[in-house]
Amino acid sequence: MKMNRFILPLVAMVLLATGCTKEYVSYNYGAQVETIRVNVNPGDWQFNEGARLPGGQNYFYCTVDIPAITDEVFDFGTVQAYVWNIYNVDQNLGAWNTLPFVYPLEVFVENDDGSQSLVIVPENLRFEWEKGKVTFVIQDLDGYDPVRVGSPISFKVNITHNM
């Protein structure tokens with residue numbers, strides 16, 4: 001009789017455990033990803049001049065028309081942007097980096113005695129999007145003027161929307 005008290009609950013647990021299954025359901029709504037390459041030249045950047053104080057709103061921006069960002073994308077889709085960053089100039093090696101991307105910029109500043117010191121300033125490269133356009137923004141994290149762009153910058157914009 002003692003054995004039945006042990007076996008009966010054990011059998012019930014085994015039956016209950018084998019009766020439970022997880023079901024993963026996924027729906028394919030026919031999402032489509034469109035990729036657009038954008039090259040921004042140095043002369044394409046505009047300057048938004050704010051107060052030249054720490055935390056000021058000084059930044060460069062460039063707005064690009066992208067008609068593929070429709071009302072449907074605006075309401076139900078997504079937009080993601082990447083920047084091509086060359087990390088080894090000698091070997092021409094680079095990688096795509098998801099925006100926002102913060103990169104260290106080496107800047108020489110003049111000291112009171114006339115000498116110069118190397119300072120690392122983090123630059124923030126980000127993007128904003130709305131119907132029909134994407135705006136790329138370069139901003140110093142200290143709020144002062146960002147360094148002027150001296151060469152073209154390659155971006156990749158991925159737009160996800162339903163078919």
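**Sheets, a hairpin and a surface patch**

Let's start with the open sheet: five strands, in the order β2-β3-β8-β7-β6, with antiparallel pairing. The edges belong to β2 (46–48) and β6 (101–110), each with a single partner strand, so one side of each has no neighbour in the sheet. From one strand to the next, the twist averages 30 degrees.

Some ground rules. This is a predicted model, where local features need pLDDT of at least 70 and side-chain atom pairs count only at pLDDT 80 or more, while totals for chains, interfaces and linings use all residues. Residues are numbered from 1 along each chain as its sequence is written, and side-chain values use heavy atoms, leaving out hydrogens and water.

Now the terms. Strands (E, at least two residues) and helices (H or I, at least four) are DSSP runs, numbered from the N terminus. Two strands pair if DSSP finds at least two bridges between them.

The protein has two helices and nine strands. From the N terminus on, they run α-β-β-β-α-β-β-β-β-β-β.

Y59 stands opposite Q139 in β8.

Next, β4. Which strands does β4 pair with? One is β9 (residues 153–162), antiparallel, through six bridges. Here Q80 faces N158 in β9. Another is β5, also antiparallel, again with six bridges. There V83 stands opposite N97 in β5.

β4 and β5 also form a hairpin, with four residues between them. In that turn, N92 has a positive phi of about 55 degrees. V89 sits in the loop between β4 (78–88) and β5 (93–98).

Is V89 buried or exposed? Its relative accessibility is 69%, so V89 counts as exposed. The cut-offs: buried is under 20% relative accessible area, exposed is over 50%, and partly exposed is in between (1.4 Å probe, protein chains only).

Together with W84 and I86, V89 forms a nonpolar patch on the surface, about 290 Å² of accessible area in total. Areas come from the Shrake-Rupley method with a 1.4 Å probe; for residues, only the protein chains shown count as cover.

Finally, the whole protein. Of its 163 residues, 27% are buried. The accessible surface comes to about 11600 Å², and 55% of that belongs to carbon and sulfur atoms.

Definitions and conventions. Patches are made of residues with over 30% relative accessible area and no salt bridge: like charges are joined within 9 Å, nonpolar side chains (Val, Leu, Ile, Met, Phe, Trp, Tyr) within 5 Å. A salt bridge is a side-chain nitrogen of Lys or Arg within 4 Å of a carboxyl oxygen of Asp or Glu. Axes are lines fitted to C-alpha atoms, for helices over the stretch in contact, and angles run from 0 to 180 degrees between N-to-C directions.
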